[in-house]
Amino acid sequence: MCVDCKKRVRTRVAPSPTGDPHVGTAYIALFNIAFAHVNNGDFILRIEDTDRNRYTAGSEQMIFDALKWLDLGYSEGPDIGGEYGPYRQSERFDLYGKYAKELVEKGGAYYCFCDQERLENLRERQKAMGLPPGYDGHCRSLTKEEIEEKLKAGVPYVIRLKMPYEGETIIHDRLRGDVVFENSKIDDQVLLKADGYPTYHLANIVDDHLMGITHVIRAEEWIPSTPKHIQLYKAFGWEAPEFIHMPLLRNDDRSKISKRKNPVSLNWYKEEGYLKEGLVNFLGLMGYSYGDGKEIFTLQEFKDNFNIDKVTLGGPVFDLVKLGWVNNQHMKMKDLGELTKLTIPFFVNEGYLESENVSEKEFETLKKIVEIEREGAKTLKEIAKNSRFFFVDEFSLPEVTEDMDKKERKSVERLLNSLKDEVGLKSIKLFIEKLEKWEGNEFTAEQAKDLLHSLLDDLQEGPGKIFMPLRAVLTGESKGADLYNVLYVIGKERALKRIKDTVKKYNIEI
């Protein structure tokens, strides 16, 4: 909670439009939103697009779309405006030069005229002497006259922060306590580049101050930069916000999450068919305990019960298996009709539907399929992939191949052998007879189950011997949804056609 807050709480997330929206952006946004919500504050989106070399066209819109998809809404931002705008750094360009020069006048920064050759030679000398790289303060001692002469002559310059040479800078971090840095080990950071563009450090501090940000909740990778930011606040004479550095998301090997080892694009998670509720729930488990062992919750529940002090600092592992489990729970909780609508595009992508425009009757059939498959699927995409035998009436029986593992080989062999077994052949014949006598084309799930169980009673054999050959001639696969569910979805006529076609195609003598 916010303790002794004199001002209205304002938090922000400030991604750079340099590619696909990153899952880390959603993670940090979620915790900023929850903190603002529980303190009756504001959450804003700022786009930090001053790095024009890495700028990617279209990335900004993808950030807007991804946050809106996840319901991680903001009350102010580039696309919706607000009284503290503009919220795009490229539209605030003139501010940064103004404040950088103001800082020079205050004595907190200085002009640096060192060219690239001198800086490269400096780095080489430091490397040869085993010293840490960093600017040596060469231009800090220039006289006012020397500076004016160089400016008049048009010598290119940058503006650097004048870090104190002595003492310490202390970060009072909400989660980590006091983090201490020796000033002598921090070099004079460039604030304004030679092309007039600000560095991240200057633009970030100017914007946070002017936008009234009271709490900076960001990833721990920014901790080394924070002493420079604190010194900037001091140099300007501004009150610094409270700093809260969240633990980094990590791969299984504890390294920082990266696209080399884990999908990091929010677009990927949407395209794979993760529900927004599942992904947000999972991100809420990253370094945070909801309490009472509860792992499944809604975004609203997370926001209403949020306490920033319950964040733990051990790097949370971004485990796709756990995400799959969380997403499955939300798929099972979701209204069946809504879940079916969300799954339809994935059925189209698999080629099972010609378009997303389906009739009312088709939709009811799709609902049956989704209800069956969501029990074991991790994503919407998996629901569609696992539904093949509900759609495809023409199929071939599997063959044993050399590249099969032992378990798969055994499963296929068992399926094929069931079609040579006397009991298996009897069960196919009797099943055809029962289907042909069935009045109408539709079954309820219970009727389909009763019909199949009647085969057990009539043949007095176990389910393995009876149902395996039926699965073979109905689906062509050795595993999948329960047979009564297959029958429930495809109906009598399609079931009969499948069985008879397979019997004929493979010369099965029943």
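The chain exposes about 25500 Å², of which carbon and sulfur atoms supply 48%; accessible areas come from the Shrake-Rupley method with a 1.4 Å probe, and for residues only the protein chains shown count as cover. This is a predicted model, in which local features need pLDDT of at least 70 and side-chain atom pairs count only at pLDDT 80 or more, while totals for chains, interfaces and linings use all residues. Residues are numbered from 1 along each chain as its sequence is written, and side-chain values use heavy atoms, with hydrogens and water left out.

The secondary structure comprises 20 helices and 9 strands. Helices (H or I, at least four residues) and strands (E, at least two) are DSSP runs, numbered from the N terminus. The radius of gyration of the chain is 32 Å, well over the 24 Å that the globule rule gives for 510 residues, so the chain is more spread out than a compact globule. That radius is taken over C-alpha atoms, and the globule rule is 2.2 Å times the number of residues to the power 0.38. Along its principal axes, the C-alpha trace spans about 105 × 50 × 40 Å.

Among contacts with a separation of 6 or more, 74% are between residues 24 or more positions apart; a contact means heavy atoms within 4.5 Å.

The aromatic rings come next. A pair of aromatic rings is described by the distance of the centres and the angle of the planes. Rings of Phe, Tyr and Trp (its six-membered ring) pair if their centres lie within 6.5 Å; planes under 30 degrees apart count as stacked, over 60 as edge-to-face and the rest as tilted. The count comes to 26 aromatic pairs. One of them, tyrosine 288 with phenylalanine 302, is edge-to-face, at 5.4 Å centre to centre and 70° between the planes. Tyrosine 288 is in the loop between helix 9 (276-284) and helix 10 (299-304), and phenylalanine 302 is in helix 10, 14 residues apart. Tyrosine 288 counts as buried because its relative accessibility is 5%, and phenylalanine 302 counts as buried at 2%.

Tyrosine 288 also pairs with phenylalanine 306: the ring centres are 5.2 Å apart and the planes at 25°, so this pair is stacked. Phenylalanine 306 lies in the loop between helix 10 and helix 11 (320-333), so the pair ties together parts that are 18 residues apart in sequence. Phenylalanine 306 is buried, as is tyrosine 288. Ring pairs link Tyr27, Phe31, Tyr288, Tyr290, Phe297, Phe302 and Phe306 into a cluster.

Technical notes. Buried means under 20% relative accessible area, exposed over 50%, partly exposed in between (1.4 Å probe, protein chains only).
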